[in-house]
Amino acid sequence: KGAAAAADMAGDVEVRRLDLGDLASIREFAESFTLSRDTVDVLVNNAGIMAVPYTLTADGFESQIGTNHLGHFALTNMLLPVITDRVVTVSSMMHLLGYISLADLNWKSRPYLAWPAYGQSKLANLLFTSELQRRLSAAGSTLKAYAAHPGYSATNLQGNTGSRFGQRFWDFANRLTATDADFGARQTLYAVSATLPGNSFVGPRYGMRGPTGLSWRSPLGASQAKARALWTLSEQLTATEFPL
């Protein structure tokens, strides 16, 4: 899939293997930059899975928090010494469904619910961005951390719920209300290229649609205390630390 996408892109495009659900793969990918002393202008944490049945990553994390947050957390910290401009992490307005359970981040002691698990992972993206920017500023770094969300765009993200009824619902909803993938990508591209205050959250003005600009987040998504606590737990789970 990566090769097929690269073939349609202009310029010098390289595809490298990276599995955000496997810390060993993340480490190998990051070392391919750090050992060769390559620099990275912009890191876009865009990989994600949505409302999937309960599964575990290679390291035993619940797959949504493992892929959508912990994988990006580890990748960012491993690459941070060679990043020169900014980190953009793609969240979602579905963070409104999220609640961070520090005692059970991986859904081991509570009944697994696919949508709340997805909401937790997207809320984690916002808290990660907030704490990353705080640490960058405290370290005197000029790097910026931003979050973005696509609104509601029709992509293959909605095609893996594992439910026949759920799939029919999303097929109908996509036809009725969704924007196209280009519109969703526009929000990330804005965060990649615009001059913005650190910890900005970019998205459509009206949530799902509208002009691109600064978006709003839930009160839980703005909690500095929860952001710091999640960072500490994420460091423990991934065995990675802020390197600056």
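Is D85 buried, exposed or partly exposed? D85 is partly exposed, with a relative accessible area of 32%, where buried means under 20%, exposed over 50% and partly exposed in between (1.4 Å probe, protein chains only). The model is predicted, so local features need pLDDT of at least 70 and side-chain atom pairs count only at pLDDT 80 or more, whereas totals for chains, interfaces and linings use all residues. Residues are numbered from 1 along each chain as its sequence is written, and side-chain values use heavy atoms, with hydrogens and water left out.

**View 1. The D85–R86 salt bridge.** The side chains of D85 and R86 approach to 2.5 Å, N to O; a salt bridge is a side-chain nitrogen of Lys or Arg within 4 Å of a carboxyl oxygen of Asp or Glu. R86 is buried, at 9% relative accessible area.

**View 2. A network of salt bridges links E14, R16 and D38.** The closest N and O atoms are 3.0 Å apart for R16 and E14, and 3.7 Å apart for D38 and R16. Because D38 lies in the loop between α2 and β1 and R16 in the loop between α1 (2-7) and α2, their pair ties together parts 22 residues apart in sequence. Helices (H or I, at least four residues) and strands (E, at least two) are DSSP runs, numbered from the N terminus.

**View 3. The largest nonpolar core has 26 residues.** Such a core is a set of buried Ala, Val, Leu, Ile, Met, Phe, Trp, Tyr and Cys residues joined through side-chain atoms within 4.5 Å. Its largest share, 6 residues, comes from α3.
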